[in-house]
Structures are given as structure tokens and as C-alpha cells.
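Please work through the exercises below with the sequence and the model at hand. Each task is followed by a solution in steps.

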Amino acid sequence: MDQEAKRALLHKDRQRVWHPFTQMKDYALQDHLLIEKAEGIYLYDADGNRYYDTVSSWWVNVHGHGHSRIKQAIARQLDETDHIMFSGFTHRPAIELADKLIDIAPCGLGKVFYSDNGSTAVEVALKMSFQYWRHVGKPAKSKFAYLENSYHGDTLGAVSVGGVDLFHSTFKPLLFDGYRLPSPLVSEWSDGRPTPEAAESSVAEALEAVRRLFESSAAEIAGLIVEPMIQAAGGMLMHPAAYVTGLRELCTRYEVHLIADEVAVGFGRTGTMFACEHAGISPDLLCLSKGLTAGMMPLAVTLCTDTIYEAFYDDYETLKTFFHGHSFTGNPLACAVALESLRIFEEESVLEHVGNVSSALREQIRRFEAFSHIAGIRQLGMVAAFELYEDAGSRRSYPFAERRGYRLYLEALKEGLILRPLGDTLYYWLPHCTSTAQLEDIVDRTCTVLERLGYR
Ligand code: PMP
């Protein structure tokens, strides 16, 4: 693209577009990256510069950008139907996708409710759980428990169960009350894994807090919502599987729904198809989006148990309908894409490849151990993270105003890397199609940038 056309577009972008999660002042100081092409793991800007999309375009992309099978699936579906409403109407892609999802999801989840983004998948789960308890004669069970540093989306219900004050505290007057539980924070890591001692104490303390809460208040708690294995937006906080197993036991014992928000971690990102598999458990409600369509189309689902579904069955004497549904619910194009993505998973042994690349990732990130300002190096599946510290030994952070993570992001762009920070936490959230050679190159480039900014 010629420079004049580029400047004109960016000028209009500044004038006309409000981008999410971006401070206005940054519009003035820094151009947005004008992306013209996306292919595989790469994005190309208007000047032809190539960038590794190490964050899978906000954690959604799975098989790489521009995958030919996905493109063909959209075209095929367009020949049959574009969007059609989903109340009173149904269609083949939604039916087949629901069937497939129930097949591969943790067992016990028998029904699929469609929506169109991760936040609404969470809203649906909260509303279903809340309404369920009313139908079974326990209306006092109306509150939700959630974790510190949890993130479940930006709509008001999802924000009410969000635990990241930076994002959520402004909206407090609009939110419903819940119970905030401590995160199972792991401080010590070795070879990308929590050390056994750190794992044991973090799990024991965090589960004890849940037990105490349930002991005193389960009669008024409908559900507990958790991002299994990785609290992503809260800082890529990884917890041991034993924590999720413990939550399942406590939720069952105290009659509280376990709501697994796998919007971010579902579809192989942690190495298994669903993160709950690490713990060998099934939740009562499961929220999925992002990777559901391999990151190609907006679609989300909330899966629930038959027990929950059946409590909504109406004899017309009581009003038990679930009054929730979005215009683009169950979009046929998106469902067709999701089905094609799941075929690719099977036919191209995607999880096997993820297993190999994630082992290489665990090895590669050990190179960050040589940097004295880095701590908390961790990894699970295609996700790895580390933190920048003024003093890594005592975990003394840099002053907030120094925006170290953001500065590293800007520097990484010059190296052809998109390293979107969460504060001073840097992470990779790699697409499954990443090759081991690309992975090595990504880590090489990251080390170059770290070196240049003096983190050695
Ligand atoms: N839950 C989790 C765990 C997420 O990470 C996100 C988005 N990052 C959401 C829900 C919300 O999804 P969406 O942005 O599609 O609304």
C-alpha cells in the first residue's frame, strides 16, 4: 500500500474508530498496526512487514490464518444458507456441531446452547444456573463464587464475576454481589511447572478457602465459575490440576454448580482438547468460544447437564422457559466452520502436533532463565508466560508508570513479533499450527529484544 493511502486510513482510524482495551492517549502516540494480510502464523502490515502472531489474534486462532479448508467450508455453507434465526428454526450445521461437541466434551454434558461470543457464553451459564435453582425450589441459591484475578468477559454479568480490579472496579455500582475467592497462586516454578511444594501449598490453601465459604454459605450459592488450568487475562496464572479436581469435589459435596469457563483454554490450547481433562473432571456447565471456530467466526456455546436442561421443562402451569437468545445465535456459517475445524483436529492429528510443539516450548523457555530480571517462567500446552521484575529475587515490580510490558511489546514489533503484554507479564499463546522451527525463531527474537532492553 502506498504511504499516502496508509496515512489516510490510519488518520480515519484515529478519527472514527474506538478500539477496545486501548487508552486514547495511545492513539495519539502510536499508530495501530494496519494489517493487510494474514497467513498461517503470520500477519503482514501495509508496508509488507511480517509479524509472528504469537497471541493467536487474541487467543482465537488455531490452525493458522487463511486455512484453505476453513475458507472452503464457509463458501460451501453460503451456497446452502446464510444466517437464519434459531428459535423455531434449526439447521444441519448446528445439529451436527452440537452432536460432535457432546461427543468430545467431558462426559455428562448433554445439551448445547448457542450464542456468539465468550462473554455471552458466560452470561448464559450464570443465568441457567440461577434459574435452575429457582425451578428446583432453592431460590436462595442465587449468588456466584469466582476467583480473584479471574476474567470471564466484558458484559455486566461476566464482569460481576470478574476479579481483575483494573478492568472491573469502575463498573462496581452496576454489578451483582458475589463471593470472591483467592486464586491458587503459584510462586515457584521449575522447568515451566510449579514446584511440587508450591503446588501442594497453593492448592491446599485455595481449596480450604472454598470449603470454608461453602460450609457457611452454600445455601445461597448457585455456582462457582473458574477458568480451569489458566487464569488467562488475569496474568496467565497457571494452577495445578489438583485444584480443579478439588473444586469438583467441593461443588458436588455442597450442591454448587461448577461452571468451567474454557472460552480461552478450550480446543487444545493447554495440550488436551479441554482443560478440564487435565483434572479428569466434568463441570455442570461448560463455556466455549474463541477456538471453537478455529478463530475464524464469532460463535460460542454453553454446554449443560441433562439435569439442568430437564429442570426447564414446562407443563405450561409454571413459566420455565429460558428467555435468552441473540440475533446471531447458532449462525450456520460459524457452525459449519466449527465442524470443519473439528475435522481438521482429527484428520490432521492436531493434538499430537500440539504435544510435540509444547514439549519444545517447555525446553525453549528455559532460555529465559538466563535473564536476571525475569521470574515465573511457566508453560502449559501452547501457552507460556514470564514476568519482568526490577528485582526478580525479591519479586520487586517495576513502577507501574514505566509500562515495561508495553515497551517490550513495541520493541518486539521491530523484531517481527507480536508480544501483547498483560502488565509486566509477557506470554505466548501460540496457534496449534506453529512449527518447532518457527517456535525457535520466536524465542530467538524474544531473547534479542530482552537483551536489547537490558533484562539480562
Ligand atoms: N472468558 C475467558 C476466560 C476469556 O479469556 C474471554 C476473552 N478473553 C472471555 C470469557 C470473553 O470472551 P469474548 O471476548 O469473546 O466475549
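Predicted model: local features only at pLDDT ≥ 70, side-chain atom pairs only at ≥ 80, totals over all residues.

Residues are numbered from 1 along each chain as its sequence is written.

**Exercise 1.** Describe the packing of helix H4 and helix H13.

Step 1. Helices are DSSP runs of H or I with at least four residues, and strands are E runs of at least two, numbered from the N terminus. H4 spans residues 68–80 and H13 spans residues 332–347.

Step 2. Their axes are 9 Å apart, at an angle of about 145 degrees. Axes are lines fitted to C-alpha atoms, for helices over the stretch in contact, and angles run from 0 to 180 degrees between N-to-C directions.

Step 3. Residues in contact have C-beta atoms, placed from the backbone, within 7 Å. Among those of H4 are Ile 70 and Ala 73, and those of H13 include Leu 333 and Ala 336.

**Exercise 2.** Determine whether Lys 290 and Arg 420 are buried or partly exposed.

Step 1. A residue is buried if 20 or more other C-beta atoms, placed from the backbone, lie within 10 Å of its own, exposed if 12 or fewer, and partly exposed in between.

Step 2. Lys 290, in the loop between strands E13 and E14, is buried because it has 27 C-beta neighbours inside 10 Å.

Step 3. Arg 420, in the loop between helix H15 and strand E17, has 17 other C-beta atoms within 10 Å and is therefore partly exposed. Arg 420 touches Val 55 and Tyr 409, not counting residues up to four places away in sequence.

Key: Contact = placed C-beta atoms within 7 Å.
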